[in-house]
Amino acid sequence: MRSTFAGLNTVVRGLYAQQVSLDTVGHNISNAGTDGYSRQMVNLATTNPQTIFGGYASYEVGTGVNVSSITRARDIFVDKQYWKESSSLGYGQTMEEMLGKIEGAFSEPTATGIQTVLNKFWTAWQTLSVNASDSGARTAVRERGVELVDAIQHSTQQLKDMVSDMNSVLDINVNTINQITSEVFSLNRQIVNIETGGLNHANDLRDRRDLLMDQLTALTSANITEDKYGNYSVQVNGVVLVDGNGVTKLTTTKSMDPDYGYELKNIVIAGTNQPITFSNGQIKGLLDSRDSTENGVKGYLNKLSTMSQFLLQEFNQVHRSGYGTDNSTGINFFGDSGTNPDYTDPATTIGFTNGDWISALKVNQDLFNTANGLAKIAAKTATNSIAVVQSNTTGGAATVTTTGSYTGGTSATSVNVRISVDGSQNVSGIEYSTDGGTTWSTAITSAGPYPADYSLTIKGLTVNMQIATEALNADGDTYTFSLSQGNNASGDNAILLSNRLKIDTSLNLGGSSLDTYYSSMIGALGIQKQNAARLTDNQETLVNQIRNWRESTKGVNMDEEMTNMIRFQQGYNAAARILTTMDEMLDKLINGTGTVGR
Amino acid sequence: MRITNNTITYNFLTSLNKSLERQNAIQEQLSDGKILHRPSDNPVKTIRSLRFNTNLAQNEQFTQNLKDAKSWMDTTDGAMSDLSSIMTNIKELVVQASTGSNPQDAIQTIGKSVDNLINQIVTIGNTKLGDRYVFAGQNDKTQPFTRNGDIITYFGDSSKISMPIQPGVATPTQDSVNLSGVEVFGANGNEVLNHLLEIKQHLDSGTTEDQVWLSNTGLGYLDADHASILQSHTELGTRMSAYDMALNMMEGQNVVITGDVAANEDLDIPKAIIDFKTSESIYKTALSVGARIMPPSLVDFLR
């Protein structure tokens, strides 16, 4: 015999279940736009039936409905896929962004890029080769040199600035990881507490934890597993960052780049300082675009360094072999002044790092000397060879070379040299005159052994005079020649220098010319950036696709929620109606029966 | 697939952003008419752009070198013509002086004229282009000829000045633009002048013996010297025509390279504008579709 009021209980359970379901619909709608939210469902189950023993048999009477659980609509496999691919996306996006910044540091192809500056530098040398005696052309060469140095140094500085930006972003990323892992640890605790016994589901906490995983996997690839209690264990390349037992904090340490001396931030495990490697995600992207010698900042600094080394070693070498208008030679165009270090000499450059080449690149300060700087630009390949006229055409020919700066102004000085000869026709002494043979000077500063190499100093110039053969020298033979500011107009070394920039190949530059080296570097940069952009684009499409899949499980659909709302509202209404019916039945029973005789 | 409100929002935003990106790219190109703004826009075209612009700079420079060389040679040419006519003048005077009927003072007067003409020759020898002496060899900042009484000294040298008109090494025999004093005036740069001075001395003295010397040795000197001056002049003329041809070629090449540069990096503007309009209309459509499609759901119909 069943209880009279059993039906009331059944209906109350029904009302309650519809209410909870409606509440959940409300929760879903409220969170439709919440990041990481997954749709929740109320799982209803019939309660245990009551066995009624009737006259002939017993039968089961249903006792209503119960809320057995509220669960998330979620597909963990799609989540895992999302986490994996979002790491790759994070990597690609970072690479694309950083390569874009490197492109910015070179600003090609524009009128301000290094290529244009190189062309102007070359043009200046060509102009000098045509107008070697023109101090305007010399000034232009020097200033274009400064411009080239500035362009290279400017790009270098921009690349170095990028490194310090990257370092600070790495710091921020490490902090973010630490925040995520400590929050995951506390979420682990709460989830395990709530879910003990296996009936409750900590839906919203799990949503929050999965959202944190979305954020973490954009930064780095992580292996995420769930243990049987509900703890997430997060591993990055074998290092457990967080699990049910605790959190491994990360921190950064500083070190110095051995080549360029800029600061490097390295990510290590706090406490032990054990380094941790990253295989994907934004962090790996940052580290690669900072340290890679192929497509990272370091690689492009190395290329600028190679160009600087080329200018210091090979371009300088040609300049050193030439002569200035003051007949100075062995002067560097680029690099240090004073002791004139020969950059091709290993002794000078021993221990030179890649960075040293760039920092050594400057235009030789000596060329800025207002008195004789411009004269030191070596536009010609040979020192002054001076035409010598002999009085005795059968005598020993003489060659005259000069060094030093002529102090006689713009007019030339005519010099007569008269030799005296001993009995065996050896030159036994010389004297010279600068006034057409009126007065003779014997002030010979030095004389070598025969064949004599005489050295005289006339108006600031050191004149070296070599008299070639003895046989037909006659006593009193004179040699006449004139001294002046020098053979200014020869630009043959300027041609060689301009060839050095455009045509000559170099082993340092991988067998190409400076122009080719630079343009292929820019081409490679463009291709790397384009590649990164294309891969990122594809990856974005993939991640979007996966997000759509995920959304199709966990997302909130308003139509669906509204339908459910109607369903549960009507369910509630109907249950209430049953209650009314029962009420009427009971009313009939209680108030309408047993009224006989009243 | 089950579609949710967020799916629609994400996808809408993604495609809206793509359409904006495309529009931004075309806008950047339209703003300056160039299709290249960074190497990654088109790496191959970027390398070609760098190379073409280098070629252009090279061509312009060699054209400039050629023009410099030509103005040098034009100056030299003018001076040589003047020199030639002065030599003819002197010869006329000497022929006149060497005919037997001249009184001594008439010959001496001719000597004065020749003396002036020698001064003119020295002036021509000191011809300058800008601040460079064209007949001084490489010693071009020093005045090459000075006359001190009857001594004329040459302070230049016999070196060639080369002006490169193509990549590579300049070869003095091919690419030189100057005539040095030695080439024009013989050994030591003053042989011809010394001959003229000698003639002048004989004219100054003006005796019958001098007249005989003038008609024999003097006129011989003049003929030989004028011939050698003409020879250098002719040599210069040949080089000038070679440089003219080279200049024509360079200017032709300049047109070709400029065309290459333009073809490589200039934007096809009509096409870009059509692309721009297309992407603009796609963007607008996306926006209006978004505005219509996004909100309606069952919510709107439940009252």
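Helices (H or I, at least four residues) and strands (E, at least two) are DSSP runs, numbered from the N terminus. This is a predicted model, in which local features need pLDDT of at least 70 and side-chain atom pairs count only at pLDDT 80 or more, while totals for chains, interfaces and linings use all residues. Residues are numbered from 1 along each chain as its sequence is written, chains are lettered from A and ligands numbered from 1 in the order in which they are written, and side-chain values use heavy atoms, with hydrogens and water left out.

**Largest pocket.** α11 (514–554) of chain A and α1 (5–32) of chain B each supply at least two residues of the lining of the largest pocket. A pocket is an open set of points on a 1 Å grid over the protein atoms alone, where a 1.4 Å probe fits, with protein on both sides within 12 Å along at least five of seven lines; lining residues have an atom within 4 Å of a point. The largest share of the lining, eleven residues, comes from α1(B). Nearest the centre of the pocket lie E96(A), A533(A), D537(A), E21(B) and A25(B).

**Nonpolar cores.** A nonpolar core is a set of buried Ala, Val, Leu, Ile, Met, Phe, Trp, Tyr and Cys residues joined through side-chain atoms within 4.5 Å; buried means under 20% relative accessible area (1.4 Å probe, protein chains only). The largest such core has 150 residues, and those with the most contacts inside it include F106(A), W125(A) and F334(A). Helix α4 (residues 135–195) of chain A gives the most to this core, with 18 residues. A second, separate core of 20 residues includes Y406(A), V421(A), I430(A) and M465(A).

**Helix α6 of chain A.** Eight of the eleven residues of α6 (residues 281–291) of chain A are buried, so this helix is largely enclosed by the rest of the structure. Among the buried residues of α6(A) are I283(A), L286(A), L287(A) and R290(A).

**Chain B.** Chain B contains nine helices and four strands. Its radius of gyration (taken over C-alpha atoms) is set against the globule rule, 2.2 Å times the number of residues to the power 0.38.

| Property of chain B | Value |
|---|---|
| Radius of gyration | 38 Å |
| Span of the C-alpha trace along its principal axes | about 140 × 30 × 30 Å |

Of its 303 residues, 44% count as buried.

Conventions:
Buried means under 20% relative accessible area, exposed over 50%, partly exposed in between (1.4 Å probe, protein chains only).
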